Amino acid sequence: MDQENVSATLTVAVPAARVFAVLADPTTHSAIDGTGWVQEAADRAPLTEVGQIFRMDMYHANHPNGDYQVANKVQVLDPPRAIGWLTGQEKDDGRLEFGGWIWRYDLAPLGPSKTEVTLTYDWSAVPQSIREYLQFPPFGPEHLTNSLHHLAELVSGG
């Protein structure tokens, strides 16, 4: 597969600022996630600046520990148009190491109360050493569509 990213788009009947506010709140990420891997926000502060680190508790049956934690670093923060983060982990010595994949949401207002949301998972910066033991993408494209539907339910209050 030559493609190094996958994306999905959905239009929601909610202003972009409301969608952005939900995405900037790490406590909502487990409800948005379409895989069931994201469990809970370990860092609950809203995302407010590029470079901010926020940790999430995760679970994956194929992970060596089952339960694990990721450290995310905000890469894009352009309210209310775009938000994105690199995913990595904290090493035993406290150093953060990122694998090269990024989650990004782009929001395009389609009037005062409608927003087109595009979710992109991009692994183009993943080094070969990681590609040797992780398959990309590690989930089917329906994951992104599921995530967008979960987001739509959250922002619509239903």
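Is His-60 buried or exposed in this structure? Before I answer, let me say that what we have is a predicted model, in which local features need pLDDT of at least 70 and side-chain atom pairs count only at pLDDT 80 or more, while totals for chains, interfaces and linings use all residues. Residues are numbered from 1 along each chain as its sequence is written, and side-chain values use heavy atoms, with hydrogens and water left out.

To the question, then: His-60 is buried, because its relative accessible area is 18%, and buried means under 20% relative accessible area, with exposed being over 50% and partly exposed in between, for a 1.4 Å probe and protein chains only. His-60 sits in the loop between E3 and E4, where helices (H or I, at least four residues) and strands (E, at least two) are DSSP runs numbered from the N terminus. Setting aside neighbours within four places in sequence, His-60 is in contact with Trp-37, Gly-66 and Tyr-68, contact meaning heavy atoms within 4.5 Å.

Tyr-68 itself belongs to strand E4. Not counting residues up to four places away in sequence, Tyr-68 touches Met-56, Asp-57, Met-58, Tyr-59, His-60 and His-63. Ala-16, by contrast, is 52 residues from Tyr-68 along the chain, and the two C-alpha atoms are separated by 32 Å.

The largest pocket holds about 1,000 Å³ of space, and the closest to its centre, of the 39 residues that line it, are Trp-37, Tyr-68, Val-70, Thr-87 and Trp-101. For the method, on a 1 Å grid over the protein atoms alone, a cavity is a set of points where a 1.4 Å probe fits but cannot get out, whereas a pocket is an open set with protein on both sides within 12 Å along at least five of seven lines, and lining residues have an atom within 4 Å of a point. Grid points are joined across faces, edges and corners, and the volume is the space filled by probe spheres set on the points.

Which element gives the most to that lining? It is E6, with six residues, and the elements that supply at least two residues each include strand E6 (96-109), strand E3 (53-59), strand E4 (67-78) and helix H4 (142-156). By class, the lining has 22 nonpolar, 15 polar and two charged residues, where Ala, Val, Leu, Ile, Met, Phe, Trp, Tyr, Cys and Pro count as nonpolar, Asp, Glu, Lys and Arg as charged, and the others, Gly among them, as polar.

Gly-36, in the loop between H2 and strand E2 (38-41), counts as partly exposed because its relative accessibility is 42%, and its C-alpha atom is separated from that of Trp-101 by 19 Å, at 65 residues apart along the chain. Pro-127, in the loop between E7 and H3, is also partly exposed, at 37% relative accessibility, and Pro-127 and Trp-101 are 9.8 Å apart, C-alpha to C-alpha, and 26 residues apart in sequence.

Turning to the strands, E3 and E4 run antiparallel and are joined by seven bridges, with Phe-54 having Asn-72 in E4 as its bridge partner; two strands pair if DSSP finds at least two bridges between them. Seven bridges also join E4 to E5, again antiparallel, and these two strands form a hairpin with three residues between them. In that loop lies Pro-80, which is joined to Pro-79 by a cis peptide bond with omega of about -10°. A cis peptide bond also joins Phe-136 and Pro-137, with omega of about -10°, and Pro-137 lies in the loop between H3 and H4.

Finally, the core: the largest nonpolar core has 40 residues, and those with the most contacts inside it are Val-19, Ile-83, Tyr-105, Tyr-121 and Leu-151. Such a core is a set of buried Ala, Val, Leu, Ile, Met, Phe, Trp, Tyr and Cys residues joined through side-chain atoms within 4.5 Å.
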